[in-house]
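Grab your viewer and work through a few exercises on the model below. Each task comes with a solution, taken step by step.

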Amino acid sequence: GAAAAAAGISGRLFGKVVSLKGTFGFLQPIDGKDGTSDVFFRGSDVVGCRASSNSSSETAMPITVAGGRVFHLDVGDELSYVTSPANPAKAMAVQCIKEEPGAWRDPANSVVGERKMDSLQVRDTLTRLQTFAENSMVDEILQEQAQYEMVLRSP
């Protein structure tokens with residue numbers, strides 16, 4: 001449902017900006033649960049923008065990212081983010097990216113590159129493990145180790 005969709009790919013979560021105060025703000029997580037605590041974020045932790053629209057209201061927070069690109073965050077904008085492990089008692093969003101409205105409904109549109117890479121890595125790992133098990137290399141290694149130990153013990 002909404003909670004699974006909002007979890008995103010590679011641990012990214014989604015939230016809607018509910019307030020801005022100078023160089024920081026608060027997100028309401030989009031997770032399908034009512035009463036979820038707001039998540040703090042700093043403007044300096046916003047690292048990108050995938051949204052095509054750009055607010056220019058008086059309350060909007062200007063964000064400058066690498067390369068000098070400037071865009072604005074405003075109340076109601078949607079961000080994807082990772083929760084910082086620095087302070088588990090207080091949720092803080094880092095690696096924030098301004099997303100198109102509704103991107104949380106289809107995380108594949110939000111982080112396409114990460115999703116493809118993850119699924120390829122998982123598939124490759126599973127294939128290697130299957131091949132390893134099918135070839136029973138473990139038995140061969142144990143037999144070689146036993147032979148090696150016999151050689152070491154012999155006069």
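Predicted model: local features only at pLDDT ≥ 70, side-chain atom pairs only at ≥ 80, totals over all residues.

Residues are numbered from 1 along each chain as its sequence is written, and side-chain values use heavy atoms, with hydrogens and water left out.

**Exercise 1. Sketch the fold**

Work out how many helices and strands the protein has, and the pattern they follow.

Step 1: Take helices (H or I, at least four residues) and strands (E, at least two) as DSSP runs, numbered from the N terminus. You get four helices and eight strands.

Step 2: Walk along the sequence, and the pattern reads α-β-β-β-β-β-β-β-β-α-α-α.

Step 3: Look at contacts (heavy atoms within 4.5 Å). Of those between residues at least 6 apart in sequence, 52% join residues at least 24 apart.

**Exercise 2. Check the surface**

Find what share of the residues is buried and what the accessible surface comes to.

Step 1: Call a residue buried under 20% relative accessible area, exposed over 50% and partly exposed in between (1.4 Å probe, protein chains only). Buried residues then make up 32% of the 155 in the protein.

Step 2: Run Shrake-Rupley with a 1.4 Å probe; for residues, only the protein chains shown count as cover. The protein's accessible surface is about 10,000 Å², and carbon and sulfur atoms own 57% of that.

**Exercise 3. Classify the rings**

Describe how Phe 24 and Phe 26 each pair with Phe 40.

Step 1: Pair rings of Phe, Tyr and Trp (its six-membered ring) if their centres lie within 6.5 Å; planes under 30 degrees apart are stacked, over 60 edge-to-face, the rest tilted. That rule gives three aromatic pairs.

Step 2: Phe 24 and Phe 40 have ring centres 5.5 Å apart and planes at 40°, so this pair is tilted. Phe 24 sits in strand β2 (residues 24-29) and Phe 40 in strand β3 (residues 39-42), so the pair ties together parts 16 residues apart in sequence.

Step 3: Phe 26 and Phe 40 pair edge-to-face, at 5.7 Å centre to centre with 65° between the planes.

Step 4: Put together, Phe 24, Phe 26 and Phe 40 form one aromatic cluster. Phe 24 is partly exposed at 28% relative accessible area, Phe 40 at 22% and Phe 26 at 21%.
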